[in-house]
Amino acid sequence: MAWMLKLIVSTLAFIRLTLAATITQKPLAAVQDERLASPTSSTPLPLVVWHGLGDNYKADGLRSIGSLANSTNPGTYTYFIRLGDTPSADRTATFLGNLTEQVQKVCHDLSTHPILSRAPAINALGFSQGGQFLRAYVQRCNIPPVHTLVTFGSQHNGISEFQNCADDDWVCRSWDGYLKRNTWSNFVQSRLVPAQYYRNPEDLDGYLESSNFLADINNERDVKNANYKSNMKKLA
């Protein structure tokens, strides 16, 4: 476990430097919530975090990121994206769900959030699959707009094989065999999250025809979405 500890420490150190360099102090409009600044003061941009596969919004590791952000830039409001009302439901949503619908939900949640919706911009931090999902947020809606997007270990060009499940991870194992046999079926592409960013270089035709998520946000089909490129160019 020594290597894991070193990875966590080095990751936190990098995040500290990143936050210090990218979270800019900007005045916010006057609001009633005391966590936001008055018209005569400034506050750091809020930080939005999307966790990875098998994690949940209440995980201790994520909470340490929020504490680090606040210690680096006092007053930073950190929001942890959730797709379930409980940690268990949120974790399940990292395996099961339609990514198009999940990104739409996050777009709605952020655009109607009492704090985030009033900020001039937000900074975004994504871990593993949460990184490409945040990129999809930038491309597809981006309200509130993302100032800086940082991702760690994210599969922006997809995965060419599925990860092995732990022996005691029955949520993962129960779907693993079906996923591998039916990757391009409508059922899998609308329900199993990792399949929706699966990209087999030996079966690009199947990928381009049936991918529910990655082929679209990567703009790999013949018809391109100009808004995706435009929104990405707005990132700092």
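Author: Buried here means under 20% relative accessible area, and partly exposed lies between that limit and 50%. The model discussed below is predicted.

Reader: Is arginine 199 buried or exposed, and what is its relative accessible area?

Author: The cut-off for a buried residue is a relative accessible area under 20%. Arginine 199 falls under that limit and is therefore buried, its relative accessible area being 18%.

Reader: Which residue does arginine 199 meet in a salt bridge, and how many residues apart in sequence are the parts that the pair ties together?

Author: The side chain of arginine 199 meets that of glutamate 220 in a salt bridge, at 2.8 Å from N to O. Glutamate 220 lies in the loop between helix 9 and helix 10, whereas arginine 199 lies in the loop between helix 7 and helix 8, so the pair ties together parts whose separation in sequence is 21 residues. Glutamate 220, with a relative accessible area of 23%, is partly exposed. The partner asked for is glutamate 220, and the separation is 21 residues.

Reader: How many salt bridges does a search of the whole structure find?

Author: Besides the pair of glutamate 220 and arginine 199, aspartate 109 meets lysine 105, and aspartate 216 meets arginine 140. The search of the whole structure gives a total of three.

Reader: In which helix do aspartate 109 and lysine 105 both lie?

Author: Their side chains meet in a salt bridge at 2.6 Å, N to O. Aspartate 109 counts as buried at 18% relative accessibility, while lysine 105, at 35%, counts as partly exposed. The two residues are four residues apart, about one turn of the helix, and both lie in helix 4.

Reader: Which helices hold aspartate 216 and arginine 140?

Author: The side chains of these two residues meet in a salt bridge at 2.8 Å, N to O. Because the two helices concerned stand at separate places in the sequence, the pair ties together parts that are 76 residues apart. Aspartate 216 counts as partly exposed at 24% relative accessibility, as does arginine 140 at 26%. Aspartate 216 lies in helix 9, and arginine 140 in helix 5.

Reader: Which strand pairs with strand 5 in the parallel sense, and why is that partner largely enclosed?

Author: Strand 5 and its partner pair over six bridges, with isoleucine 122 standing opposite valine 146. Together with helix 5, the two strands make a right-handed β-α-β unit.

How values were computed:
Residues numbered from 1 in each chain as written. Predicted model: local features only at pLDDT ≥ 70, side-chain atom pairs only at ≥ 80, totals over all residues. Heavy atoms only, no water. Salt bridge = Lys/Arg side-chain N within 4 Å of Asp/Glu carboxyl O. Buried < 20%, exposed > 50% of the residue type's maximum accessible area, 1.4 Å probe, protein only. Pairing = 2+ DSSP bridges. Right-handed = clockwise from strand over helix to strand, strands pointing away.
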